[in-house]
Amino acid sequence: MSTRDKVIAIVAEQALLAPSDVTLTSTLDDLGIDSMGLVECIFAIEEEFDISIPFNANTPDESDFDISNVAAIIAGIDKLVSQKP
Amino acid sequence: MKRVVITGAGTINALGHSVAATFEAMHAGRCGIGPLEFRDVERLAIRIGGQVHGFEAEGRFNRQQMSLYDRFTQFTLIAAKEAIAQSGLEFHGELSAKSGVVLGTAGGGVSTWDDNYRSVYEDGKNRVHPFVVPKLMNNAAASHVSMEFNLKGPSFTVSTACASSNHAMAQAFQMVRSGMSPAMVTGGSESMLCFGGVKAWEGLRVMSKEACRPFSANRNGMVQGEGAGIFVFEDYDHARARGAEILCEVLGFAMSSDASDIVMPSKQGAARAIAGALKDGGINPEQVGYINAHGTGTVANDKTECAAVADVFGPHADRLMISSTKSMHGHLIGGTGAVELLACIMALKEGVIAPTIGYEEPDPECALDVVPNTARDARIEVALSNAFAFGGLNAVLALGRV
């Protein structure tokens, strides 16, 4: 599976939607994912890709990791994966 | 109904190993939060906390006791000794039979769980020490206090996450107020600063890597602490009859449940607990001079708490002082209300309001007098202590100057 397919699967599972209902431009808000769902998504992504995502729920906007939509999340993951030692 | 007063206080926490040392640190606005020191800390993303330093259990407790006392029990016993010594009470006869211990803790013997799981899972050992269960159980601290000080009345442990101590003290208050017990030992303790304890909190993504800055616009989360706060709650007439020094009066309390979300706080739930404590104590809102806030330093808590205070007090919200001492000693989770009660006692008895340190930028959503960075002298009549737990369980105590 590509990064894209994996992320969409994770997000869809959290949103209780079919992967086909999740698009690159979907925001977590659109998908009905709340702050707890977001923290669970980040955990699932970290486990799937073996990366650490710098994310503090108190300051989501200050994080280097862009969560504004699915495409941004995929780009952020690709960047973190490419930086892996 | 009996009037209830506090005749003894004891503590050990990141600010000091006694009430006097803690008051001195709160007065100075000193921060007890620093780099965590324990095994595997390098595997954590969060590496700061309000750890108790300079404390060696060896030497204070004998070998047999050490095999039974988790760190949360050790803290409890040290604080209880100070509190009961200050009260001057000795528990014999009927006083002993009717007086008990009600304590709060969220996790109990967390480091005992941690050490022994490590031993069987990581080290592959197939045998653990015979006293693991009596050492880690949540009621271990209350039981050891009962044994150490001959308290044979009602004793138990309350566990409501971050409100555990306030719920516990509310029970002790009820028992003395109703005449069921002439005196109760109460408060709480927590010791979660070990690898597993911090790792669990780290997962929630609400912890700060830098500092606990309650109410400050640039706050970015909570910081854990550890320690204990223990008090002697006593029937006022009983205390007067024996000429005991009275630290303050416990006027009332209230508890409420948000019944809404497992982690997000509710303004209505908090406001109902605050208003309920005023009503229970027969207190006019204008009498309240100081609130020791729950003030965790998370975005969600601090704005919700300020909104609840504004709702309950109306225009008086702008005249009272509200500070969060978690900025100094960290969040003691189940023990936090007990250590924070000390700030209320300091305000009522010493006339010193503990500051919210680490305060850097005003937040329009927390636009109250949060006593930023520097302690303040003030003579106040009534102080409240707020605790709002995960799970939406709230408990607020109201204390008065005597």
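This is a predicted model: local features need pLDDT of at least 70, side-chain atom pairs count only at pLDDT 80 or more; totals for chains, interfaces and linings use all residues.

User: At what angle do helix H3 and helix H7 of chain B pack?
Analyst: About 40°, with the axes of H3(B) (residues 71-87) and H7(B) (residues 140-149) 9 Å apart. Residues are numbered from 1 along each chain as its sequence is written, with chains lettered from A and ligands numbered from 1 in the order written.

User: Which residues of H3(B) make the contact?
Analyst: Phe72(B), Thr73(B), Thr76(B), Leu77(B), Ala80(B) and Ile84(B). Contact means C-beta atoms, placed from the backbone, within 7 Å. On H7(B), the partners include His144(B), Val145(B) and Phe149(B).

User: Switching to H5(B): which residues there are buried?
Analyst: Val110(B), Ser111(B), Thr112(B), Asp114(B) and Asp115(B). Buried means 20 or more other C-beta atoms within 10 Å of the residue's own, with C-beta atoms placed from the backbone.

User: What covers them?
Analyst: The cover includes H3, helix H6 (132-136) and helix H9 (195-203) of chain B.

User: How far apart are the end C-alpha atoms of H5(B)?
Analyst: They are 17 Å apart, which agrees with the 18 Å that its 13 residues should span at 1.5 Å a residue. Just after H5(B), Gly124(B) takes a positive phi of about 70°.

User: And how many residues of chain A are in contact with chain B?
Analyst: Eight residues of chain A, in contact with 10 of chain B.

How values were computed. Axes are lines fitted to C-alpha atoms, for helices over the stretch in contact, and angles run from 0 to 180 degrees between N-to-C directions. Helices (H or I, at least four residues) and strands (E, at least two) are DSSP runs, numbered from the N terminus. Two residues are in contact if their C-beta atoms, placed from the backbone, lie within 7 Å. The expected span of a helix is 1.5 Å times one less than its number of residues. A residue is buried if 20 or more other C-beta atoms lie within 10 Å of its own, exposed if 12 or fewer, and partly exposed in between; C-beta atoms are placed from the backbone.
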